[in-house]
Amino acid sequence: METYSIFKDLAIIIIFAKIFGILARKCKAPQVVGEIIAGLLIGPSLLGLVQQSDFLTRMAEIGVVLLMFSAGLETNLKELMKTGPVAFLIACSGVFVPLLGGALLYMGFYGAAPWGSEEFYKAVFMGVIMTATSVSITVQSLKEMGKLKGKVGTTILSAAIIDDVIGIIVLTFVIGFKNPQSNPGSVVLSTVLFFITALVVGFIVYKVFKKLDERYPHTQRIPILGLALCFFFAYAAEAYFGIADITGAYVAGIVLCSIRDSSYIDRKMEVSSYIIFGPVFFASIGLKTSIDNVSMGILLFSLGFVIVALVTKIIGCGLMAKICRFSYQDCLKIGVGMMTRGEVALIVAQKGLSVGLLTPEYFTSVILLIIVSSISTPIILKLLYAKDKETAAA
């Protein structure tokens, strides 16, 4: 009978996510904010109606993969190529500043640690967690506002993808220095090989899909094959290259974004993503939050952790965007758009637990960061774009 409880959980998640999504929209906030709050409400921290499970975790993973595939489909490839070098510089700055800020925060609370000591690596690892950017929530917010295809939206998307790749490389280096058996250089090689392979295979796949699209335009087989390509790229990225599956899914979307029926594929993907996989993913962020056994010391550190993580992303990304000649308003949008943390931060934190760089009580800090950044980012972005409209009207 326990097996069938997943249907009850899904029903509760979908109903609460929809109700709170509508309420959020009524309050002029993006729907994703309501869906995250719904997950927090029905999760173990408050009502306890739904417990986090492996099944829901897998569903949420599919949700974020579909969301990134959709983001790739909606990408303007010419604009992406134009913003690529700028996005790389913004991503580098958006990794370095939080990395430094996180390490200094830990040392500020627990004292400076000598180079190469266990405490030193723990301090650096706090910074590594802060480097991760969760583009999925920003993507959904920009899509709702119709701003994903603009220069700022494309820059945020490109920088976030590059940011995660750099973050994974930094993580591997930190683990490598702590564990001599690990080879940090191999992850750099794997990353380069992934993008070279994606470029070659992607070009071939694009030609095949273009022929299919010309022969069978606007037919169901195109989005079905597109979905298969999305899942294959997501799998290959993780299994063969050690790159995040969301990066593979995004690349799959990029491969198909220039074919004639790319918008048709996106509309078909939107149905399943909007109805079930998206709400499960955003609600799962709230479900993972637990406020049990939180001491005052950990709470104070968590508050500092959240503030430093948000501010350093805005400073790091926004400052580099200004150097790259964006306007002050667009610099702020890019900085805010890059400050969300989500699945990648959780993956990094989990990796830290497994290798002894993070103790379980600090996982609360990571969850709190994800909750605060996931809720605040869409709201601030909407306010910034609303201010643009007011300025244009004036």
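This tour visits helix α2 and two residues of helix α11.

The model is predicted, so local features require pLDDT of at least 70 and side-chain atom pairs count only at pLDDT 80 or more, whereas totals for chains, interfaces and linings use all residues. Numbering starts from 1 along each chain as its sequence is written, and side-chain values use heavy atoms, with hydrogens and water left out.

Select residues 31–42 to begin, which form helix α2; helices are DSSP runs of H or I with at least four residues, numbered from the N terminus. The end C-alpha atoms of α2 are 17 Å apart, in agreement with the 16 Å that twelve residues should span at 1.5 Å a residue (the expected span is 1.5 Å times one less than the number of residues). Nine of the twelve residues are buried, so α2 is largely enclosed by the rest of the structure; buried means under 20% relative accessible area with a 1.4 Å probe, protein chains only. Among the buried residues are Val32, Val33 and Ile36.

Next, select Asp266, which belongs to helix α11 (residues 262–287). Asp266 counts as buried because its relative accessibility is 9%.

Ser284 is buried, with a relative accessible area of 2%. A polar atom of the Ser284 side chain lies 2.5 Å from the backbone oxygen of Phe281.

Methods
Buried means under 20% relative accessible area, exposed over 50%, partly exposed in between (1.4 Å probe, protein chains only). A polar contact is a pair of N or O atoms within 3.5 Å; within protein, one must be able to donate a hydrogen and the other to accept it, and residues adjacent in sequence count only if both atoms are side-chain atoms.
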